[in-house]
Amino acid sequence: SPASAAKELIAHLQSTTSSASSGKPSVVRVFRAPGASEEAMARLAQRTQTEVCKDVVDIACEKCFNVLATESLDAADSEKLAWLLSETYEPHLLTPTSTWDD
């Protein structure tokens with residue numbers, strides 16, 4: 001559910017930045033898929049077929065955000081960060097793991 005996905009993401013942001021409280025910066029990595037609109041990906045696939053290789057069937061992408069934290073994020077800061085990086089109408093698409101990790 002979207003609510004449990006949001007809680008998982010907030011927990012990920014907090015746990016990943018917990019080492020920053022000891023003075024050691026930490027990098028939080030979160031992902032959002034798809035990384036572009038279906039129309040943009042279709043245009044890219046068509047152009048790739050034309051200009052690179054006709055055997056390309058499809059192209060998929062995701063965005064990866066790398067956030068350097070110099071201090072631990074609390075729940076409120078984690079929620080703000082998730083809100084900033086997520087899509088307005090699809091916040092559940094922002095995840096702590098890549099779609100390519102399957």
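User: Quick one on Ala45: buried or exposed?
Analyst: Buried. This is a predicted model, and in it Ala45 has a relative accessible area of 7%. The cut-off for buried is under 20%, so Ala45 qualifies.

User: Which element is Ala45 in?
Analyst: Ala45 sits in helix H2.

User: How far is Ala45 from Ile59, C-alpha to C-alpha?
Analyst: The separation is 5.8 Å. Along the chain, Ala45 and Ile59 are 14 residues apart.

User: Which residues of H2 are buried?
Analyst: Met41, Ala45 and Thr48. They cover an arc of only 65° around the axis, so they are on the same side of H2.

User: And what does the face turned away from that buried side carry?
Analyst: Exposed residues: Glu39, Arg43, Gln46, Arg47, Thr50 and Glu51.

User: What span should H2 have, and what does the model give?
Analyst: H2 runs over residues 38-51, which is 14 residues. At 1.5 Å a residue, the helix should span 20 Å. Its end C-alpha atoms are 20 Å apart, so the two agree.

User: Switching to H3. Which residues are buried there?
Analyst: Ser78, Leu81, Ala82 and Leu85. Seen down the axis, these buried residues of H3 fall within an arc of 100°, so they line one face of the helix.

User: What is exposed on the other side of H3?
Analyst: Lys80, Trp83 and Leu84.

User: What happens at the start of H3?
Analyst: Asp74 has a side-chain oxygen that reaches to within 3.2 Å of the backbone nitrogen of Ala76.

User: Which one gives the most?
Analyst: H1, with 5 residues.

User: How does the lining divide into nonpolar, polar and charged?
Analyst: The lining of the largest pocket has 9 nonpolar residues, 2 polar and 1 charged.

User: New topic, Ser98. Where is it found?
Analyst: In the segment after strand E3 (94-95).

User: Is that residue buried or exposed?
Analyst: Ser98 counts as buried, because its relative accessibility is 9%.

User: What does the side chain of Ser98 make a polar contact with?
Analyst: With the side chain of Glu62, at 2.4 Å. A polar atom of the Ser98 side chain also lies 2.9 Å from the backbone nitrogen of Trp100.

User: Which peptide bond is cis around Pro34?
Analyst: The one from Ala33 to Pro34, with omega near 0°. Pro34 is in the loop between strand E1 (26-32) and H2.

User: How far apart are Asp55 and Ser26 in space?
Analyst: They are 41 Å apart, C-alpha to C-alpha. In sequence, Asp55 and Ser26 are 29 residues apart.

Definitions and conventions
Residues numbered from 1 in each chain as written. Predicted model: local features only at pLDDT ≥ 70, side-chain atom pairs only at ≥ 80, totals over all residues. Heavy atoms only, no water. Helix = DSSP H or I, 4+ residues; strand = E, 2+ residues; numbered from the N terminus. Nonpolar A, V, L, I, M, F, W, Y, C, P; charged D, E, K, R; others polar. Expected span 1.5 Å × (residues − 1). Buried < 20%, exposed > 50% of the residue type's maximum accessible area, 1.4 Å probe, protein only. Arc of directions from axis to C-beta. Polar contact = N/O pair within 3.5 Å; in protein donor to acceptor, adjacent residues only side chain to side chain.
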